[in-house]
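Hello,

Here is the structure I promised to pass on to you. Please open it alongside this email, and my notes on what turned up follow below.

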Amino acid sequence: MSFEKSVIETMRKRQSVRTYDSQNIREAHANKINDYLTNVANLLGPFGKRGKIQMVHVTNNVTDKGIKLGTYGFIKNPSAYLVGVSENNKYALVDFGYTFHRLVLYLTEMELGTCWMGGTFHRHSFEKEIAISKGEFIPCVTPIGYEKDKQRMFDKVLRFVVKADNKKPWDRLFFDTSFEKALTKGQAGFLETPIEMVRLGPSASNKQPWRLVLSDNQDICHFYIEHTPNYSTKLGYDMQLLDMGIAMCQFELACKELALQGEWAVEEPMLNLPNENFEYIVSWRSKEI
Ligand SMILES: Cc1cc2nc3c(=O)[nH]c(=O)nc-3n(C[C@H](O)[C@H](O)[C@H](O)COP(=O)(O)O)c2cc1C
């Protein structure tokens, strides 16, 4: 499957949607989603894990099996949920973030609303709905449905509470050669738009933990996470690794659309890190130069 519209425009447009119109998902859309989920190529992460994602239809938040899927009131009138499972280790979670987000963008292109959810849902009720193998768990789900008229009060208040519109500026996220020097848009060269797409991506509690360092001749972009201390420890997994998968997905899809060749490699450059919360994830090696 390739995207039919500009995925860069889709990334610019995407926002979390928490209040839906009560209409069911149109058959044509449901078929497209099912086709997407049965095509292995759509579910392959950059580190080689194959995503496992299922669609579960709901009526008044109750599934066909009669199970109530609770979201503590955060989500109103969803038509269905997409539920994925993963193993609980670093690169499996990054892969999950990547494949799940690619699907989120595919839905956004179809004008279906989504909202990544790692915290505000009853994990146990969702676990009863889908097949989970030993060693797997549900890192995140998303409701899907058609957006109820834009900017409902509940969504507005929540956006305010999590500062959803407060995306960090370039100089807090992106660096030139080392963490000592901020990267400006002008210095990012042909990677300016892919890097900007990382900035616009969704992240848990909008913490935006991604930190990128571009090499001096602009051909290698190193991806680091700045962990928010103790974030999600109670849940037993590092939710911010999903944010890194999202960042890789936004970056790579933007490169593809701009016909910029490159590949992922785990080759840590051994830079001086600003503090102990920084962790290296991956590098994008450009083939443009
Ligand atoms: C991994 C992840 C987990 C999230 N978990 C929740 C959640 O449990 N509940 C919720 O209402 N929003 C959740 N969000 C949505 C974020 O709050 C939202 O993406 C962020 O505020 C930025 O807003 P935007 O998606 O509209 O750009 C999550 C997002 C991500 C990426």
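This is a predicted model: local features need pLDDT of at least 70, side-chain atom pairs count only at pLDDT 80 or more; totals for chains, interfaces and linings use all residues.

Strand S6 covers residues 141-145 and is mostly covered, with five of its five residues buried.

Which strands does S6 pair with? Strand S3 (residues 80-87) is joined to S6 by four bridges, and the two run antiparallel. Within that pairing, Ala80 has Ile144 as its bridge partner in S6. Strand S4 (residues 113-114) is also antiparallel to S6, with two bridges joining them. There, Gly113 has Gly145 of S6 as its bridge partner.

Domain 1 brings 20 residues to the contact and domain 2 brings 22 residues. On the domain 1 side, the elements giving two or more residues are helix H1 (7-13) and helix H3 (90-109). H3 gives the most to that side, with nine residues. Sorted by class, the side of domain 1 that touches domain 2 has eleven nonpolar, five polar and four charged residues.

**The five-stranded sheet**

Next, have a look at the open sheet of five strands, whose order is S7-S8-S9-S11-S10, with mixed pairing. Strand S7 (174-176) and strand S10 (262-265) are its edge strands, each pairing on one side only. On average, neighbouring strands of this sheet are turned by 25 degrees against each other, direction ignored.

Strand S9 (residues 220-226) and strand S11 (residues 278-286) run antiparallel and are joined by seven bridges. In that pair, Ile225 finds its bridge partner in Glu279 of S11. Helix H8 (residues 240-257) packs on the sheet and touches strand S8 (210-214), S9, S10 and S11. The direction of H8 makes about 155 degrees with that of S9.

**The nonpolar core**

Which residues touch the most other members of the largest nonpolar core? They are Leu212, Phe223, Met244 and Met248, out of 67 residues in that core. The core draws at least three residues from each of domain 1 and domain 2.

Leaving aside its neighbours within four places in sequence, Met244 is in contact with Val94, Gly97, Trp210, Phe223, Ile225 and Ile281.

Happy browsing, and best wishes

Terms used:
Residues are numbered from 1 along each chain as its sequence is written. Two strands pair if DSSP finds at least two bridges between them. Axes are lines fitted to C-alpha atoms, for helices over the stretch in contact, and angles run from 0 to 180 degrees between N-to-C directions. Two residues are in contact if their C-beta atoms, placed from the backbone, lie within 7 Å. A nonpolar core is a set of buried Ala, Val, Leu, Ile, Met, Phe, Trp, Tyr and Cys residues joined through C-beta atoms within 7 Å. A residue is buried if 20 or more other C-beta atoms lie within 10 Å of its own, exposed if 12 or fewer, and partly exposed in between; C-beta atoms are placed from the backbone. Domain bounds come from an automatic or database domain assignment. Ala, Val, Leu, Ile, Met, Phe, Trp, Tyr, Cys and Pro count as nonpolar, Asp, Glu, Lys and Arg as charged, and the others, Gly among them, as polar.
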